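Hi,

Here is the structure I said I would pass on.

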Amino acid sequence: MTDIASIKKGELAHADKEQVFVTVYIDDQLFGIPVEKVQDILIPSGIADIPLAPNEIAGAINLRGRIVTVIDIRKRLELPPSEKSENMCTTVEYGEDLYSLKVDNIGAVITLPLSKIEDVPGTMNPRWQSISKGVVQLEKELMLVLDIDSLFKENSKNHSA
């Protein structure tokens, strides 16, 4: 199986290569996270506040004895807060650390040929573009491929001042 991270933007993929995605919803938009980046899917019992943390940091959770920072993706994308009271998270690996991404809903696990992944349209909101690696037209909806590396690189740029 070829990892989507190894495909350069604009490069044509072979139809026989596939990628498995864990899907999540943020503001009714479907996002796909490459399965090799996902460590856990959970509904945390509580998220502890982190004093003086940036706005998009929802807090921290204890995941099997490890403290994991929770990032509110709605805030990261400058969306209004969700009316849902339940916190759903997908924990991803970035570097040597784990982060839990607070999302609106967890979708399904899907396998797609890499050839179905198209470039991100230039007309997309620049904030959404900055964290998307591509788009896939599914039968009933459009899935944005979440670029975990870009998500965290943008975070570090925004908070290094």
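A quick word on terms before the notes: I call a residue buried under 20% relative accessible area, exposed over 50% and partly exposed in between, using a 1.4 Å probe and protein chains only. This is a predicted model, so local features need pLDDT of at least 70 and side-chain atom pairs count only at pLDDT 80 or more, while totals for chains, interfaces and linings use all residues. Numbering runs from 1 along each chain as its sequence is written, and side-chain values use heavy atoms, with hydrogens and water left out.

Most residues other than glycine have a negative phi. Asp27 has a positive one, near 55°, and sits in the loop between strand 1 (18-26) and strand 2 (29-34). With a relative accessible area of 34%, Asp27 counts as partly exposed. Arg64 also has a positive phi, near 50°, in the loop between strand 4 (57-63) and strand 5 (66-72). Arg64 is exposed, because its relative accessible area is 68%. Strands here are DSSP E runs of at least two residues, and helices are H or I runs of at least four, both numbered from the N terminus.

Back to strand 1, then. Seven of its nine residues are buried.

Last, the second largest pocket, at about 160 Å³. A pocket is an open set of points on a 1 Å grid over the protein atoms alone, where a 1.4 Å probe fits, with protein on both sides within 12 Å along at least five of seven lines; lining residues have an atom within 4 Å of a point. Points are joined across faces, edges and corners, and the volume is the space filled by probe spheres set on them. Which elements each supply at least two residues of the lining? Helix 1 (73-76) and strand 7 (97-103) do. The lining includes Arg74, Lys75, Lys102 and Val103, and its residues divide into seven charged, three nonpolar and two polar. Charged means Asp, Glu, Lys and Arg; nonpolar means Ala, Val, Leu, Ile, Met, Phe, Trp, Tyr, Cys and Pro; the others, Gly among them, are polar.

Cheers
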